Amino acid sequence: MDKLQIEGGQPLNGEVRISGAKNAALPILCAALLTEAPLQLSEVPHLHDVATMLKLLSHMGVQVERSDTHHATLHAQHIAHQEAPYDMVKTMRASILVLGPLLARFGKARVSLPGGCAIGSRPVDLHIKGLQAMGADIHIAHGYIEAHCQHLPGKRLRGARILMEMVTVTGTENLMMAAALADGTTVLENAAREPEVVDLAECLIKMGARIEGAGTDVITIHGVDALHGAAHAIVCDRIEAGTYMVAAAMAGGEVTLRNARADLLEAVIEKLRDAGAQVTHAADSITVKSNGAMQSVNLRTAPHPAFPTDMQAQFMALNTVAKGVASVTETIFENRFMHVQELQRLGAHIEVEGHTAIVRGVHCLDGATVMATDLRASACLVLAALVARGETTIERIYHLDRGYERLEEKLTALGARIKRIH
């Protein structure tokens with residue numbers, strides 16, 4: 001199993017190109033199931049989760065062509081299997097995103113209950129309730145979601161007004177894709193507003209879908225008879241960008257992010273400026289300049305456009321070496337403080353009280369062997385290791401490969417001393 005070795009204490013300088021967003025790519029790959037025509041995608045990130053999704057779609061019968069690492073054409077003309085088996089989805093919760101498209105186009109689907117990071121409960125009941133409101137007959141048996149709408153006119157889902165009890169990104173995406181081919185109009189209330197939801201909507205619109213309100217908490221989808229092919233570039237990964245921004249702030253130096261959009265990172269940029277970093281931006285780039293001396297910042301995660309839960313761990317790493325005391329409150333996932341124990345192995349001073357962590361900055365962290373527990377916790381440990389004294393070894397980095405493309409190569413190009421051990 002691969003691990004990373006990092007020698008801390010090096011400032012970061014130079015440029016890094018931000019990849020396409022994993023959390024946008026996964027639902028957009030599933031959108032290929034909605035049409036018989038080819039879907040051409042660019043800025044597809046080269047990640048383990050993306051490879052897993054492409055393998056799943058290929059299993060179903062989707063023809064996948066890769067002209068290079070970041071371009072893919074998906075042709076779902078002949079789908080032999082409307083099933084997502086457990087062996088192919090057990091490591092990735094996003095596999096649930098095939099449910100809506102399969103049900104909408106073929107009138108039936110059988111999808112294993114998904115797996116993924118162990119950061120807390122991410123129930124699929126909101127997906128199921130929404131599809132049931134659209135007329136689907138759904139039951140769970142032997143670990144599978146079995147759904148069909150064979151009893152409906154034309155075997156098509158019907159439009160409905162759906163009020164989601166809580167904000168769910170994948171739930172919004174799944175229902176939006178299902179509604180694109182439904183009979184009538186669907187209104188999603190309390191919808192997720194994340195940029196990745198907007199990117200999926202923009203791709204669906206290029207395919208012929210009629211969608212209004214993406215980016216707000218009310219999305220209206222007027223169902224159409226069929227969708228057609230399209231070409232779409234995946235939006236840049238705001239979480240990858242945010243991670244490199246925090247790295248530059250902590251390590252010191254000046255780093256420019258290419259293919260990065262400041263309008264997707266307003267809450268993160270505000271907190272970095274509060275911490276003492278200089279942040280400037282242009283149309284498609286962001287520059288972070290820092291002397292490495294940070295001030296503690298309080299933060300509370302919440303759905304977009306508030307502070308993203310996927311940046312909580314990275315800012316906790318920043319607070320461990322910042323001046324002062326900060327509170328970090330997690331409101332999205334109930335088990336997303338698993339990185340605390342590993343940060344403490346590096347010398348961090350953190351106390352957890354319920355959903356809040358109290359972080360007291362220390363003068364310096366010390367290198368040690370730590371273990372990654374989930375995707376963003378892995379990134380948090382890398383950031384801490386970049387500023388720790390001596391060498392840090394991070395084990396179980398397969399989590400990192402799920403969400404960060406060529407992380408050690410990009411950091412090395414910025415001046416970090418980091419290497420992968422096979």
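Let me start with charge. The chain carries 39 positive and 46 negative charges, and their mean positions are 1 Å apart. Please keep in mind that this is a predicted model.

Now the chain as a whole. There are 14 helices and 24 strands. The radius of gyration is 22 Å, and the globule rule gives 22 Å for 422 residues, so the chain is as compact as a globular protein of that length. Along the principal axes, the C-alpha atoms fill a box of roughly 65 × 45 × 40 Å.

How much of the chain is buried? Of the 422 residues, 57% are. The accessible surface comes to about 16,100 Å², and carbon and sulfur atoms hold 48% of that. On contacts, take those with a sequence separation of 6 or more: 73% of them join residues 24 or more positions apart.

Helix H1 covers residues 22-31 and is mostly covered, with 9 of its 10 residues buried. The buried ones are Lys22, Ala24, Ala25, Leu26, Pro27, Ile28, Leu29, Cys30 and Ala31. You will notice that a lysine, Lys22, is on that list.

Helix H2 runs over residues 48-60. The buried residues of H2 are Asp49, Val50, Thr52, Met53, Leu54, Leu56, Leu57 and Met60. Just after H2 comes Gly61, with a positive phi of about 125°.

Met88 sits in helix H3, residues 86-89. Setting aside residues up to four places away in sequence, Met88 touches Thr52, Lys55, Leu56 and His59. Is Met88 itself buried or exposed? Its relative accessibility is 15%, and the cut-off for buried is under 20%, so Met88 counts as buried. For a sense of distance, Met88 and Pro308 are 220 residues apart in sequence, and their C-alpha atoms are 28 Å apart in space.

Another buried residue is Ala76. Ala76 is in the loop between strand S5, residues 71-75, and strand S6, residues 83-84. Its relative accessible area is 0%, which makes Ala76 buried. What does Ala76 contact, beyond its neighbours within four places in sequence? The list is Ala32, Leu33, Thr35, Glu36, Val62 and Arg105. Ser58 is 18 residues from Ala76 along the chain, and the two C-alpha atoms are separated by 9.1 Å.

Now a few backbone details. Lys155 has a phi near 55°, which is positive although the residue is not a glycine. Lys155 is in the loop between strand S9, residues 144-148, and strand S10, residues 161-163. With a relative accessible area of 46%, Lys155 is partly exposed.

Asn190 is a further residue other than glycine with a positive phi, near 60°. Where is Asn190 found? In the loop between strand S11, residues 185-189, and helix H7, residues 195-206. At 26% relative accessibility, Asn190 counts as partly exposed.

Then there is a cis peptide bond. It joins His304 and Pro305, and omega is about 15°. Pro305 is placed in the loop between strand S18, residues 299-300, and helix H10, residues 312-320.

His349 lies in strand S20, residues 349-353. Is His349 buried or partly exposed? Partly exposed, with a relative accessible area of 35%. Leaving out residues up to four places away in sequence, His349 touches Ile358, Val359, Arg360 and Val362. Val325 is 24 residues away from His349 along the chain, and their C-alpha atoms are separated by 9.8 Å.

To go back over the main points. The predicted chain has 14 helices and 24 strands, and 57% of its residues are buried.

Terms used
Residues numbered from 1 in each chain as written. Predicted model: local features only at pLDDT ≥ 70, side-chain atom pairs only at ≥ 80, totals over all residues. Heavy atoms only, no water. Helix = DSSP H or I, 4+ residues; strand = E, 2+ residues; numbered from the N terminus. Rg over C-alpha atoms; globule rule 2.2 N^0.38 Å. Buried < 20%, exposed > 50% of the residue type's maximum accessible area, 1.4 Å probe, protein only. Contact = heavy atoms within 4.5 Å. Areas by Shrake-Rupley, 256 points an atom, 1.4 Å probe, with all protein chains shown as cover. Lys, Arg positive; Asp, Glu negative; His and termini not counted. Charge placed at Lys NZ, Arg CZ, Asp CG, Glu CD. Expected span 1.5 Å × (residues − 1).
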